[in-house]
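Thanks for passing this one along.

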Amino acid sequence: MKKNLVVGNMKMNPTSPAEFERYLDALEKEVKGKKFEKTEVVICPPAIYFKQFIDRKLKNVQLGAQNIFWEYQGAYTGEISSGMVKNMGAQYSMVGHSERRKYFGEDEEIINLKLKAILKSGLRAILCIGENIEERKRNQTVEVVKKQLREALNGVGAGKIEYVDIVYEPSWAVGSDNVPTSDEILEAKLIIKKILSEIYGHKAMERVRILYGGSIARCFVNQVCIDPAMDGGLVGRESLVPYEFIRIAETIDKN
Ligand code: PGA
C-alpha cells in the first residue's frame, strides 16, 4: 500500500546555520522514538543546510530539495543539479511551485525539463500544480490543472510516473488565509486522477500520490487533507515550527 507523504517546504528560511541547528534540535525532540505507520515525512530546507540535516541522522525524516536545475553539471553559475542533491543524501525534489512560476518565470517547458532531470537522477519528484487567483475568478481551474499536468508530464514514461507525487496547490491559498473547501480540493483531485488515467491507465494512476498544499495548519488539516482523502500535504509556514509540523504529520498518519 502506498504511504502518505507530508512535506515541509521551508522556503528561504532560516537565515543562519545556528538557527537551523536550533530548528533541528526542536525537530529531533518531536520525532525521537516516533513511528509513523503509514506516512513518510520529508523536510525541504535550503540546500545550503543539507549537510547539517544529514549529520543529524534523523531516522524518520527524509530530505528534499526545493528546486534543482535540469542539467547534470557544467557552466551554469549559481545552480544546483538533481545529481548533486541526490549525492548529498536527498530523496526528493520539489518542482513547479507557484513561487518558482511567479518570481522566476518557470513555465511548463522548464518544469518539464526539471521534472525529467529529477527522475533521471533517481530522486522522487514533488510536482506542484494549481490555478492562480485570476484563473480561479475566470473559473479556469479545470483547464489550468489539466494543462499544467499534461505539459509537466510530457515524455515521462509509464515506468516513471509512480516516482512523481502531485500536489494540488492553488497559488491563492499559498502564504495566505484563504483555504479551499474539501469539495474544491476533491474536485481537483478527481481531475488529476482522470488525466493520469488517460495518460497512464487506471492501475498506474492508483499508484500516484496526490497531495494538497496551501495554508495547511493543524486546525485545517481535516478540511484540506483528511476529508478529501488526500495522500498527504505540502506544508509551508507551519513546517517552520516543528511542534506544529509534526502534529500535522501525526493527524495525517492516523487517518
Ligand atoms: P503555506 O505554503 O503553507 O505557507 O501556505 C505552502 C507552500 O508554499 O508550499
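Predicted model: local features only at pLDDT ≥ 70, side-chain atom pairs only at ≥ 80, totals over all residues.

1. Lysine 147 has a relative accessibility of 45%, so it counts as partly exposed. Glutamate 151 falls in that class too, with a relative accessible area of 32%. The two side chains meet in a salt bridge, with N to O at 3.2 Å.

2. Now for a pair in another setting. Aspartate 165 and arginine 209 form a salt bridge whose closest N and O atoms are 2.8 Å apart. Here distant parts of the chain are linked: aspartate 165 sits in strand S6 (residues 164-168), while arginine 209 is in the loop between helix H9 (202-206) and strand S7 (210-213), 44 residues apart. How accessible is aspartate 165? Its relative accessibility is 0%, so aspartate 165 counts as buried. Arginine 209 is buried as well, at 3% relative accessible area.

3. The closest N and O atoms of arginine 56 and glutamate 21 are 3.0 Å apart. Arginine 56 lies in helix H2 (residues 50-56) and glutamate 21 in helix H1 (residues 17-31), so this pair ties together parts that are 35 residues apart in sequence. Glutamate 21, at 31%, is partly exposed.

4. Through salt bridges that share partners, Glu21, Asp25, Glu28 and Arg56 are joined into one network. Across the whole structure, the search finds 21 salt bridges.

5. On to the ligand. Which residues come nearest to the ligand? They are Lys11, His97, Gly175, Ser215 and Arg237, out of 13 residues around it. Sorted by class, the shell consists of six polar, four nonpolar and three charged residues.

6. Some individual contacts are worth checking on screen. Serine 215 contributes through its backbone, where an N or O atom lies 2.7 Å from an oxygen atom of the ligand. Arginine 237 uses its side chain instead: an N or O atom there is 2.7 Å from a ligand oxygen atom. Glutamate 169 places a polar side-chain atom 2.9 Å from an oxygen atom of the ligand. As for cover, the ligand taken alone exposes 280 Å², and the protein buries 99% of that.

7. Finally, the overall fold. The protein chain contains 11 helices and eight strands. Its radius of gyration is 17 Å, close to the 18 Å that the globule rule gives for 255 residues, so the chain is as compact as a globular protein of that length. The C-alpha trace spans about 45 × 45 × 35 Å along its principal axes. Of the 255 residues in the protein chain, 53% are buried; aspartate 165 and arginine 209, from point 2, are among the buried ones.

Notes: Residues numbered from 1 in each chain as written. Heavy atoms only, no water. Salt bridge = Lys/Arg side-chain N within 4 Å of Asp/Glu carboxyl O. Helix = DSSP H or I, 4+ residues; strand = E, 2+ residues; numbered from the N terminus. Buried < 20%, exposed > 50% of the residue type's maximum accessible area, 1.4 Å probe, protein only. Near = heavy atom within 4 Å. Polar contact = N/O pair within 3.5 Å; in protein donor to acceptor, adjacent residues only side chain to side chain. Areas by Shrake-Rupley, 256 points an atom, 1.4 Å probe, with all protein chains shown as cover. Nonpolar A, V, L, I, M, F, W, Y, C, P; charged D, E, K, R; others polar. Rg over C-alpha atoms; globule rule 2.2 N^0.38 Å.
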